[in-house]
Amino acid sequence: MFTLNFKVDQKFLASYAIANCERHRFVDNASDSARGEVADFQNLAWDLSKDLYKLIDGRELIGDFALTSNLPYQDIGTKLDEYFDELIRSKEFGIISKSTEDAVLKIEDEWNRNYGFCSEYIKSLGINLDGDFTAFLVHPALKAGRYLGDNKILWSYRTDWPNYNTVYIWHEMLHSYFDRGDGSHAIIELITDEELRFRLNKEKYPPFVGHDFLEKIKAKGLPTWKKYLENPDKDIKQLIKDFEEYSPA
Ligand SMILES: [Zn+2]
């Protein structure tokens with residue numbers, strides 16, 4: 001058994017918005033007003049301190065910053081804390097925070113609606129997820145989706161196709177269960193991006209969605225995967241072994 005909580009962490013929300021200011025980091029179908037409120041926050045953060053902004057978005061190295069600012073490292077931490085505190089008190093942050101909290105409600109609604117169906121399906125594959133998971137939500141105008149480790153997931157609300165959030169949150173959670181190899185990643189995609197999407201939306205595969213670099217492995221492993229779905233005696237470890245052979249070393 002596992003639990004999943006959706007959470008907005010204020011400093012994480014602020015730092016993610018700061019670190020993702022380039023145009024391609026915005027969701028394609030985000031509205032102008034949603035983009036605008038993130039840009040307003042980014043502009044405020046930039047105006048408040050260009051140095052700390054660049055430190056957070058990775059353009060400035062911490063060693064360079066310590067040298068040029070003449071600050072001991074522990075004071076850099078204090079400076080960052082003060083910077084975030086001031087940002088979080090701003091009207092601009094209040095606006096992006098509200099939009100993110102609204103998105104949490106929509107995601108919880110979608111997740112709970114699909115939960116019974118999806119968890120039965122995952123269990124039927126011989127997979128038992130365990131532990132307490134937390135999905136950290138960031139602003140819905142920004143692209144975000146990654147397994148951070150330690151049962152923590154980065155996510156933002158998406159409407160690219162129906163049940164998109166459900167399919168990909170399962171994908172990210174399964175990263176906690178599988179190793180990091182390409183073969184395992186291809187299995188995760190077949191389980192979620194492809195088969196779960198098919199079961200929820202009746203969209204056939206192939207054509208595949210998901211990462212281009214996994215497409216060859218998925219195509220090679222497709223007959224094995226289809227057989228696995230029908231096998232009453234499922235052994236996920238064997239499936240992983242099979243897929244290791246389909247992925248180039
Ligand atoms: Zn993945």
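## Strands 3 and 4

Arg-146 stands opposite Leu-154 of strand 4. The model is predicted. Strand 4 covers residues 152-155 and runs antiparallel to strand 3, with four bridges joining the pair. The two strands form a hairpin with two residues between them. In this hairpin Asp-150 has a positive phi, near 55 degrees.

Strand 1 pairs with strand 2, residues 131-137, in the parallel sense. Six bridges make up this pairing. Phe-2 is found opposite Gly-131 of strand 2.

## Helices 6 and 7

Helix 6 spans residues 91-124 and helix 7 spans residues 164-174. They pack with their axes 9 Å apart, at an angle of about 55 degrees. At that angle the two helices are therefore oblique to each other. Their crossing is right-handed.

Which residues of helix 6 meet helix 7? They are Ile-107, Glu-110, Trp-111, Asn-114, Cys-118 and Ile-122. On the helix 7 side, the partners are Asn-165, Thr-166, Ile-169 and Trp-170. The residues of this contact divide into six nonpolar, three polar and one charged.

## Domains

The protein chain is divided into two parts: domain 1 (2-149) and domain 2 (178-246). Taken over C-alpha atoms, the domain centres lie 30 Å apart.

How many residues of each domain take part in the contact between them? Six residues of domain 1 touch seven residues of domain 2. On the domain 1 side, four of the residues are nonpolar and two are polar. No charged residue occurs on that side.

Definitions and conventions:
Residues are numbered from 1 along each chain as its sequence is written. This is a predicted model: local features need pLDDT of at least 70, side-chain atom pairs count only at pLDDT 80 or more; totals for chains, interfaces and linings use all residues. Domain bounds come from an automatic or database domain assignment. Two residues are in contact if their C-beta atoms, placed from the backbone, lie within 7 Å. Ala, Val, Leu, Ile, Met, Phe, Trp, Tyr, Cys and Pro count as nonpolar, Asp, Glu, Lys and Arg as charged, and the others, Gly among them, as polar. Axes are lines fitted to C-alpha atoms, for helices over the stretch in contact, and angles run from 0 to 180 degrees between N-to-C directions. Angles under 35 degrees count as roughly parallel, over 145 as roughly antiparallel, 65 to 115 as roughly perpendicular and the rest as oblique. A crossing is left-handed if the near helix is turned anticlockwise from the far one by less than a right angle, and right-handed if clockwise. Two strands pair if DSSP finds at least two bridges between them.
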